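Please open the model in your viewer and keep the selection tool at hand. The stops below are meant to be followed in order.

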Amino acid sequence: MDAVFKALADPTRRDLLDELFREDGQTLGALEGRFDMTRFGIAKHLRILEEAGLVVARRRGREKLHFLNPVPIRLVHDRWVSKYAEPWAAGLSDLKSRLESPMEKIFEIYIKTTPERLWEAITDSEIRSKYQFGNTIQTDWTPGGRFTMNNLKAGAPLGEGENLEVDPPRRLVQTMRALWGDDVKAEGTSKITWDIEPVGDSCRLTVTHSDLREGANEQLYGGWPMILSGLKTWLETGEKLTTPGSLMYT
């Protein structure tokens with residue numbers, strides 16, 4: 001969290017976040033053209049943002065693209081904004097909302113756990129319900145198998161899709177069609193990829209929500225920071241994290 005505050009303290013880095021909010025997935029060269037600064041200077045600021053987890057870099061062919069990652073903002077929000085109502089906290093909450101923009105969305109978080117335990121938490125329906133708003137997943141976890149997402153208090157399935165790739169404990173790829181309302185049903189099918197990478201005594205979990213149309217309904221991807229924060233809390237403390245999403249079906 002100290003790295004997040006340090007990264008946000010610099011006005012140039014805040015401007016970089018604003019620029020990536022305006023157009024997510026930009027190269028270093030594209031960002032350099034929008035700032036009165038050397039390529040080395042921009043790269044240095046991007047590296048600090050990456051180290052703080054606020055920006056995630058991904059290669060697409062020969063290009064290295066930079067994406068916003070709102071999960072650290074969510075963690076700051078959960079720890080501080082709920083306790084203090086100072087103006088700076090309200091501003092930080094507003095930044096968090098602005099970062100959760102459409103297109104391909106990448107969410108990254110570090111969790112102190114093993115890949116096997118993290119994989120179990122993702123694929124065990126009972127555990128998943130503890131951090132994903134009480135929702136359960138029914139599937140046989142085989143490639144090509146179908147899944148449905150349910151909630152006992154919802155009265156009807158909330159989502160459905162297909163398991164495209166199942167590689168425990170490293171990678172899970174699924175299609176997803178939201179069913180909880182006519183507005184999200186109309187959005188069609190998107191794709192969710194879970195990538196698990198061990199890092200010392202922890203794991204880096206990257207969730208990529210892709211195949212979203214331009215201007216897609218925010219309900220499709222806006223809940224990921226809450227879900228991943230709840231997953232981290234459950235695995236590291238054994239406790240449930242109360243979020244707005246977790247109160248929907250209480």
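Begin by selecting D10, which caps the N-terminal end of helix α2, with a side-chain oxygen 2.8 Å from the backbone nitrogen of T12; a polar contact here is a pair of N or O atoms within 3.5 Å, where within protein one must be able to donate a hydrogen and the other to accept it, and where residues adjacent in sequence count only if both atoms are side-chain atoms. This is a predicted model, in which local features need pLDDT of at least 70 and side-chain atom pairs count only at pLDDT 80 or more, while totals for chains, interfaces and linings use all residues. Residues are numbered from 1 along each chain as its sequence is written, and side-chain values use heavy atoms, with hydrogens and water left out.

Next, select α2 itself, residues 11–22, a helix in the sense of a DSSP run of H or I with at least four residues, numbered from the N terminus, as strands are runs of E with at least two. Within α2, T12, R13, L16, L17, E19 and L20 are buried, meaning under 20% relative accessible area with a 1.4 Å probe and protein chains only. They cover an arc of only 160 degrees around the axis, and therefore lie on the same side of α2; the arc is taken from the directions from the helix axis to the C-beta atoms.

Now move to H45 in helix α4, residues 39–51. H45 counts as buried because its relative accessibility is 14%. Leaving aside residues up to four places away in sequence, H45 touches D10, T12, R13, L16 and M37, contact being heavy atoms within 4.5 Å.

Terms used: Buried < 20%, exposed > 50% of the residue type's maximum accessible area, 1.4 Å probe, protein only. Expected span 1.5 Å × (residues − 1).
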